[in-house]
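Student: I would like to learn how to read the features of a model step by step. Could we begin with how a chain is divided into domains?

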Amino acid sequence: MKKFEFLIICVIVFIALFLRLYKINRPIADWHSWRQADTASVSRNFLKEGFTPFIPTFDDMSSQTNGLDNPNRYRFVEFPVYNILVYLAWLITGVNTTIARLVTVVITLASTIFLYLVVRKFSSWQVSALSAFFFATIPYSVFYSSTILPGPFMVMSLLMLYYFFIRFLENDKNWLFLSLSIIFANLAILSWPIAIFFCLPVAYLSLDKYRIGIVKNIKIWLFVALTLMPFIMWRIWMLRFPQGIPDFQYLINDGNIRFKGAFFRWLVAERLGKLILTPCGFALFIIGLVAKSSKEKLFYLSLLFSCLVYFVVFASGNVRHDYYQIPVIPTLAIFMAIGTKLLFDLKSPIFNKYIGPVVAVILIIFTFALGYFEVQGYYWINKPQIVEAGKAVDRLLPKNATVIAPLGGDTSFLYQTNRHGYPVVDRSLEKFIDQGTKYLVSVDLNDSGIQNLARNCKIIGQTNSYVIIELSKGCIGKS
Amino acid sequence: MKKFEIIIIVAILALTFSLRTYKISGPVADWHSWRQADTAAVARNFVKEDFNILYPRSDSLTALNDYGLQNPNRYFINEFPLYNATVALFYKAFGVNLVLARLVSISAATIGTLFLYLFARKLFGSKIATLASIFYAANPYNIYYGRVIMPDPMFISFSIATMYFMLEWTQSKKLWLCLVTATTFASALLVKPYTVFLLIPIFYWLAINWQIKAIKNIQIYIFLICSLLPFSLWRLHVAAHPEGTFATSWLFNAGNIRFTGSFFRWLIFERLNRLIFATGGFVLFAFGAIKSHTSKNGSLIFAWLFSVVLYMTVFAKGNVNHDYYQLPIMPVGAILVSLGFFTVINNSQKYYARLINIIIAVSLLVISFAFGWFEVRGFYNVNRPEIVTAGERADILLPKDAVILAPYNDDPSFLYQTNRYGYTQIDKPLGEYFSEGIKYVVSVDLADPPIQKLTADCKIIEKTDKYAIIEMSPDCTQ
């Protein structure tokens, strides 16, 4: 790598870091805080209850994820690789939301660097730098780069997988790069199984190099076997804890949404055209997409094809949750970069030669401006009272108490209490008491049921924002 | 022109016309019905009162001007009422019927499509012209605003015709073409003064074709005089009757909105991207814009686009507030979408890459139509049908010469349904209205306390759970 390229990467990484520090100390009460709370609670429980990576637990004891009671709070979704990283950081600093967010920030900085390195294998330094720059600066990407979610870690692992696999293909006698590829493929798939879709470019690269000879290539088969085996073992292991496995069928094609008008409208207009790329970035993306093809571009198209297959298979998941589009950011950034480069190279005999670059810069500025407009609200803490109430619970209630912290099933409230319990009232209050849960904390003071309990039961703490109630069988039936 | 091409053109024109007949008989109670009601009232009053094109009158006595002047004659002296007069001619022949008013707009839009085809064909050939005119014909936003009872469809069609005749004139330098161009331009200018921005592409084209010799060409001056004189005279007439104008000063930069974040967000994101070109079309539009300036003929489109952007910047608040203000982008936008479409397709000659590009371009076009329809379909909804019912009943029950109060938040579309003159809001004590000889109130806002008091105290001519027609008396308006 040339010196100036190193300098460019440093500048981009610095910009990326600077942007990601925006509101880095916000509590887990921002956008998609429920998923962040679930993830953070696994790390916190490693610290509180012992490091058991093969039996991760979160705070939620309710049956809301799959209808089964989950008193042991099993959390069997992804293998907790990312949660372990947060746990390791917390071993040094103690439980701290900002530190967890910084772990993600560092992960995405690594992604920025590896995106540059991967693209540099196929394209010019300008396209590589622009790809890394867009990945570093698109407001949607910036927000999710400081969330406590496994998605960014999966993206980093995938980019590292691509890089090391390309290096391996350059010299397939090199076991180090093959080993690293296997490691990062594992980390990607274990941290978020949808990474399997994004292994398609690896298949393309292998086929491109070995053609039909791939069937006899032992190293490739080794790669496939060692990549899939840990994941399969994890899935088999999970089956022993069915109460900890959330339903995922609804992520596939809930409401038969796939290929309906709403499917396209949500993914194309709302997500790509509004939230992630905005209309201007979407235009740059399409310009990049239809730019003159080169053989190298096939790798990028294979990336895009992975994204499309993923969108189609996990149709309702992608429509429902905007964080499901985290894995496609690198692909979008690459095509935006190609589109920008094309505009910079546009020549005109009629107008000034700077018009192409000027249009590109205008499109980029509007991508940031409109993107920030969409994402700014994601940082907001719309219910600060859950943080306040959570702290009060942590102060006032016994450490081993389990609590009911209802927030429509959203675990972010429960997380603030630093207790295990229930984010939803999924059984009768009597049953809660029978099962040993006698504290209820609520921020919904206008709810008549809560008002009734507050009138008749023992109040542990109360302000204008919340109430902490000690339930007893004598008080819950009164009106 | 070959036979096949003529068939294509006829098919596109038929498409333009037929798509705009969707809900053609709907009442003036759909999207932007307030502006439609004023326009339709002027046409109806040409038939009901005197057909004096210099003194168009609406139904509303509520003054709209910037100067706080009363408007007892209900003058509506803003745009020159060319559209309204055309509608009135049909009304004279066939009777007052909203379908006729919409048909005038639809016909204007259809003629506009024809000129768009001719214009684009002359610059880029029939392939690009065909797609541009198909996009113009079938774009949902343009379909809706191609059938409204507003002067805008006529204004846009005159603008496109001007651009086409300007091309012919520039090429041939014939005086009669100069005069035809001036006539269409003058007509467009009279119908909507925003046409003045069209001078930018016109003079750009004259400058790059005739170069410096243009200033010595007498035709330039004939064009300017013929096109600007009628407009100047009309503006003098408008200035003489300020009470009949509507407030326009806010259209420029009310709230200092120009160049703020919301200005860009509204115009680029909400309007161009979401409503008009609908995501997929916006990408093709951007492609076309980027591509256009790379050729001489394309640069005219670029200059035209620049003039529209300048118009949006000057009339910043008007454009942010009203989506129909963006109608001037449609012809230039349709051409740019078409240019973008073929740029995408032709970007690669390799078989598989070209196939992918075709799929992408067609997908973007389909997305544009589908998402555009998703945005526009609600425009046709009549959200408050009770204003139509109440208006029809008032027309039956009240004396023909009665002047009435039809409060509807200053929106004349309710008053229009009653087929009476009157006020569109109550902004002074009812006793004062009564002393002016106004004794009828028609209301669809029965939860409003003053209306409830009236229905309790005054004589009820008719009342349902949706509306009330009330006759006031001195006693009950105390």
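Tutor: Domain bounds here come from an automatic or database domain assignment. The model is a predicted one, in which local features need pLDDT of at least 70 and side-chain atom pairs count only at pLDDT 80 or more, while totals for chains, interfaces and linings use all residues. Residues are numbered from 1 along each chain as its sequence is written, and chains are lettered from A and ligands numbered from 1 in the order in which they are written.

Student: Which domains does the assignment give for chain A?

Tutor: Chain A has domain 1 (3-36 + 67-378) and domain 2 (384-476). The contact between them takes 6 residues from domain 1 of chain A and 8 residues from domain 2 of chain A, and their centres, taken over C-alpha atoms, are separated by 38 Å.

Student: How should I read a strand within a sheet?

Tutor: Strands of a sheet pair through backbone hydrogen bonds, either parallel or antiparallel. Strands (E, at least two residues) and helices (H or I, at least four) are DSSP runs numbered from the N terminus, and two strands pair if DSSP finds at least two bridges between them. In chain A, strand S1 (residues 402-404) and S3(A) pair in the parallel sense over 2 bridges, with Ile404(A) opposite Leu440(A). S3(A) and strand S5 (residues 467-470) of chain A pair in the antiparallel sense over 4 bridges, and there Leu440(A) stands opposite Ile469(A).

Student: Which residues of strand S3 of chain A lie on one side and which on the other?

Tutor: In a regular strand the side chains alternate between the two faces of the sheet. For strand S3 (residues 439-442) of chain A, Tyr439(A) and Val441(A) are on one side and Leu440(A) and Ser442(A) on the other, and all are buried; a residue is buried if 20 or more other C-beta atoms lie within 10 Å of its own, exposed if 12 or fewer, and partly exposed in between.

Student: What is the strand order of the open sheet in chain B?

Tutor: The order of its 5 strands is S2-S1-S3-S5-S4 (chain B), with mixed pairing, and the edge strands, each pairing on one side only, are strand S2 (421-423) and strand S4 (459-463) of chain B. S4(B) and strand S5 (residues 468-471) of chain B pair in the antiparallel sense over 4 bridges, with Glu462(B) opposite Ile469(B).

Student: How many residues of each chain are in contact across the two chains?

Tutor: The contact joins 27 residues of chain A to 28 residues of chain B. Helix H12 (261-276), helix H13 (278-290) and helix H17 (355-375) of chain A each supply at least two residues of the side that touches chain B, and that side has 20 nonpolar, 5 polar and 2 charged residues.

Conventions. Two residues are in contact if their C-beta atoms, placed from the backbone, lie within 7 Å. Ala, Val, Leu, Ile, Met, Phe, Trp, Tyr, Cys and Pro count as nonpolar, Asp, Glu, Lys and Arg as charged, and the others, Gly among them, as polar.
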